Amino acid sequence: MNSIFGVKSNNTTKISSITHGDKRFKMLEATIKRHQYEQDALIEILHKAQELFGYLENDILIYIAHSLKLPPSRVYGVATFYHLFSLAPSGVHTCVVCMGTACYVKGAPAILANVEKSTHIHAGETSADGQISLLTARCLGACGIAPAVVLDGTVLGNQTAESVLEGIKGWLQDGST
């Protein structure tokens, strides 16, 4: 069973079959040991897991819960509470539209709607071909250049629906629709 709530935390057979032979789990285990299996280190351990695996799938969350002797629901709750953790793989390209107050007032909803229409995906989704992930942020802290958008890690200010589409045009030509 792959559901985080369907696996008992004492199911060591399931955990060992997940981790067997994957060096990333050995690196994650080293991080957990470095934090001395402290439950208070959960966020740091989740950060390391996401760095190693790219995202936090259920099996990884179960492994962490088992290692820290925490209920899987608590680990899942922390992973879903914080915006920086992802439970799904990201696309090759990422577009993050800031929805903070300044950006919102200056046109972020129109930018987001236009990108959703052009990419045929909604905020929080990745295109079927894995090329584009569309995300929103509560605030990028770039209010002076609102509305702000982040394209593949580059913060762009004073954006319009048209300028963002121009920025992702190459991604769409790569077959992402």
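**Ring pairs, pocket and salt bridges**

Modeller: The structure holds four aromatic pairs. The model is predicted.

Colleague: How are the rings of F25 and Y63 arranged?

Modeller: Their centres lie 5.0 Å apart. Their planes stand at 70 degrees, and planes over 60 degrees apart count as edge-to-face. So the pair is edge-to-face.

Colleague: Which parts does the pair of F25 and Y63 tie together?

Modeller: The parts are 38 residues apart in sequence. F25 lies in residues 23-34 and Y63 in residues 58-68. So the pair ties together helix α2 and helix α4.

Colleague: Is F25 buried or exposed?

Modeller: Its relative accessibility is 5%. Buried means under 20%. Therefore F25 counts as buried.

Colleague: And Y63, buried or exposed?

Modeller: Y63 has 8% relative accessibility. With the cut-off for buried at under 20%, Y63 counts as buried.

Colleague: Which residues do ring pairs link into a cluster?

Modeller: F25 and Y63 already form a pair. The cluster also takes in F53. Its members are F25, F53 and Y63.

Colleague: Turn to the pocket. Which element gives the largest share of the lining of the largest pocket?

Modeller: The largest pocket has a volume of about 470 Å³ and is lined by 21 residues. Elements that give two or more residues to the lining are α5, β1, β2 and β3. The largest share is three residues, and it comes from β3.

Colleague: Which residues lie nearest the centre of the largest pocket?

Modeller: By class, the lining has ten nonpolar, ten polar and one charged residues. Nearest the centre lie H83, F85, S86, S90 and L135.

Colleague: Now the salt bridges. How far apart are the closest N and O atoms of D22 and R24?

Modeller: The structure holds three salt bridges, and D22 forms one of them with R24. D22 is buried, with a relative accessible area of 18%. R24 counts as partly exposed at 35%. The closest N and O atoms are 2.9 Å apart.

Colleague: What separates E51 and K48 along helix α3?

Modeller: Their side chains meet in a salt bridge, 3.2 Å from N to O. E51 and K48 are three residues apart in the helix, so the separation is about one helical turn.

Colleague: Which helix holds both K169 and E166?

Modeller: K169 forms a salt bridge with E166, with the closest N and O atoms 3.1 Å apart. K169 is partly exposed, at 38% relative accessible area. K169 and E166 are three residues apart, and both lie in helix α8.

How values were computed. Residues numbered from 1 in each chain as written. Predicted model: local features only at pLDDT ≥ 70, side-chain atom pairs only at ≥ 80, totals over all residues. Heavy atoms only, no water. Phe/Tyr/Trp six-rings, centres within 6.5 Å; stacked < 30°, edge-to-face > 60°. Helix = DSSP H or I, 4+ residues; strand = E, 2+ residues; numbered from the N terminus. Buried < 20%, exposed > 50% of the residue type's maximum accessible area, 1.4 Å probe, protein only. 1 Å grid on protein atoms, 1.4 Å probe; cavity = no way out; pocket = protein on both sides within 12 Å on 5 of 7 lines; lining within 4 Å. Points joined across faces, edges and corners; volume = space filled by probe spheres on them. Nonpolar A, V, L, I, M, F, W, Y, C, P; charged D, E, K, R; others polar. Salt bridge = Lys/Arg side-chain N within 4 Å of Asp/Glu carboxyl O.
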